[in-house]
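Good morning, and thank you for making time for this presentation. Please look at the sequence and the structure together as I go through the charged side chains.

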Amino acid sequence: MRVNRTLCVIFMTALVGCGCARHAEAPAGGDGASSGSGYDVPEPGIKPEGERVVGEYIVRGEASLERETLHALFGHYGLREIRDLGRSRFLIRLTDDPGLSVIRELASDEERIRSVEPNLRYRAPEPPSDASSPRG
């Protein structure tokens, strides 16, 4: 059973890694939805609607990217929080979400911002409910 859990963790890590890489390659001006570009296919295990956290975005930038720059860019959309996630990544929370395409358009004017992605909810698959399985 321990091997199965290890394989599940490895598999989920690979899925999350592939999903992030694919989203990072999305065109900067689009929101990745139904554009015919191949980005409209949802990640395995993620529903296409309702799985992003509305008003939350992950901003990845150069090491010199500062909170003040993010506040200047996104402050007029009700910027509630800028959380430093480390490695030049920030979580921004907006009360008045204009949508991914608008956020990316604003970010494209700042050379220190590399990418902006919606904050997605990832869910691990439910473990099997077979209580008779041996553990160990």
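R93 sits in strand β3, residues 89-94; helices (H or I, at least four residues) and strands (E, at least two) are DSSP runs numbered from the N terminus. Residues are numbered from 1 along each chain as its sequence is written, and side-chain values use heavy atoms, with hydrogens and water left out. This is a predicted model, in which local features need pLDDT of at least 70 and side-chain atom pairs count only at pLDDT 80 or more, while totals for chains, interfaces and linings use all residues.

Is R93 buried or exposed? R93 counts as buried because its relative accessibility is 19%; buried means under 20% relative accessible area, exposed over 50%, and partly exposed in between, with a 1.4 Å probe and protein chains only.

Which side chains does R93 meet through polar contacts? One is that of E56, at 2.8 Å, and another is that of E81, at 2.6 Å. A polar contact here is a pair of N or O atoms within 3.5 Å; within protein, one must be able to donate a hydrogen and the other to accept it, and residues adjacent in sequence count only if both atoms are side-chain atoms. Leaving aside residues up to four places away in sequence, R93 touches G55, E56, G78, L79, R80, E81 and R83, where contact means heavy atoms within 4.5 Å.

I turn now to salt bridges. Side chains of opposite charge can pair when their charged atoms come close. The whole structure holds seven salt bridges, each a side-chain nitrogen of Lys or Arg within 4 Å of a carboxyl oxygen of Asp or Glu.

One of them joins D97 to R52, with the closest N and O atoms 2.9 Å apart. This pair links distant parts of the chain, 45 residues apart: D97 is in the loop between β3 and α3, and R52 is in strand β1. D97 is partly exposed at 22%, and R52 is partly exposed at 30%.

Another salt bridge brings R83 and E81 together at 3.1 Å, N to O. R83 has a relative accessible area of 35% and is therefore partly exposed.

A further bridge pairs R104 with E117 at 2.8 Å, N to O. Because R104 lies in helix α3 and E117 in strand β4, this pair ties together parts 13 residues apart in sequence. Both R104 and E117 are buried.
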